[in-house]
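Thanks for coming. I will walk through one structure, starting with a term we need and then going element by element.

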Amino acid sequence: MTTEETRRDDTRRVLDPERDAAALKALTHPLRVRLLGLLRQHGPATASELAARTGESSASTSYHLRVLAKYAFVTEAVHRDGRERRWRAEHLVTSWSNEAMGASSEGRAAIAALRRRQVEHLASSLDQHEADVEAGRLGQEWREPSGITDLLPRLTPGSVVELRRVFEERLAELTTQDAEDPRALQVVVLTATLPLAPEAAGTGSASAAGNTGNTGNTGDTGDTTGDTTGDTESAGDTEEAADASAGRSAPATGRAEDGPDARSAR
């Protein structure tokens, strides 16, 4: 099965670490995943518009958009005029099997990188949320429901799977319900289900930093909409190797999910 035949729908692309190794390798580049996240978060844009958002050159963003297009993460959108290409994300979420990805060191490294990018995205989203509150861009009705919750429940693997299933189904229902409501805003939802092994007697607490207090009510999402780290080129990119020097990495700011899909990402 080719990359183009990989299972996908209107919102999600599922990658196989063996069949889609080149596509996965191409995705795990910090600027590419950031560009993909920005297209998913803000909609179609040109290379120049994305360059302005990321602080990169338009040559750099154009090169990396072409790589993303080569592996069907983005495609050309309707142009406003004939002067410059506009790009859009093919799917809202990129996902995979954690079990399949965990079978190789490359797959495990990709998961770790994407998950850390999601955490970075949460931090940048918190900064934006606080700035929006201070500037009065959010109404009072958003004060109470916003927040972050970190919990440490004891659950079995089956219960964690059920928790994610119920959460994702209910989120889909509410998203559909609010689709046409003018009061609805984009909300960053980041979910994490990370089991911690029991602490060995006489050792330092491996989970001491885990629960900082139940100080909010926000979760997470599990799929990766695009943001990770790693400066790698996939096989087959040699036709644009001369442009590779344009691929400087930059802090990612796009929305992310993971394996989640991500979920994560997520």
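Buried means under 20% relative accessible area, exposed means over 50%, and partly exposed is in between, with a 1.4 Å probe and protein chains only. Please keep those cut-offs in mind.

Before the details, some ground rules. This is a predicted model, where local features need pLDDT of at least 70 and side-chain atom pairs count only at pLDDT 80 or more, while totals for chains, interfaces and linings use all residues. Residues are numbered from 1 along each chain as its sequence is written, and side-chain values use heavy atoms, with hydrogens and water left out.

Now the overall layout. The chain has 7 helices and 5 strands, where helices (H or I, at least four residues) and strands (E, at least two) are DSSP runs numbered from the N terminus. Read from the N terminus on, the order is β-α-α-β-α-α-β-β-β-α-α-α. Of the 266 residues of the chain, 37% count as buried.

Next, helix α2, residues 30-42. At what angle do the axes of α2 and α3 cross? The axis of α2 and that of helix α3, residues 47-54, cross at roughly 105° and come within 11 Å. Axes here are lines fitted to C-alpha atoms, for helices over the stretch in contact, and angles run from 0 to 180 degrees between N-to-C directions. Angles under 35 degrees count as roughly parallel, over 145 as roughly antiparallel, 65 to 115 as roughly perpendicular and the rest as oblique. So α2 and α3 are roughly perpendicular to each other. On the α2 side, the contact (heavy atoms within 4.5 Å) is made by residues including Leu 31, Arg 34 and His 42; α3 supplies Leu 50, Arg 53 and Thr 54. By class, the residues of this contact of α2 with α3 are 5 nonpolar, 2 polar and 2 charged. Nonpolar covers Ala, Val, Leu, Ile, Met, Phe, Trp, Tyr, Cys and Pro; charged covers Asp, Glu, Lys and Arg; the others, Gly among them, are polar.

Helix α2 also meets helix α4, residues 58-70, with axes that come within 10 Å and cross at roughly 80°. That makes α2 roughly perpendicular to α4. Among the residues in this contact are Leu 35 and Leu 36 of α2, and Tyr 63 and Leu 65 of α4. The contact of α2 with α4 has 8 nonpolar, 3 polar and 1 charged residues.

Ala 72 is not a glycine, yet has a positive phi of about 65°. Is Ala 72 buried or exposed? Ala 72 is buried, at a relative accessible area of 12%.

Two further residues, for contrast. Gln 118 lies in helix α6, residues 105-134, and is buried, with a relative accessible area of 4%. Its C-alpha atom is separated by 9.9 Å from that of Thr 191, 73 residues apart along the chain. Leu 196, in the segment after α7 (157-177), is exposed, with a relative accessible area of 52%.
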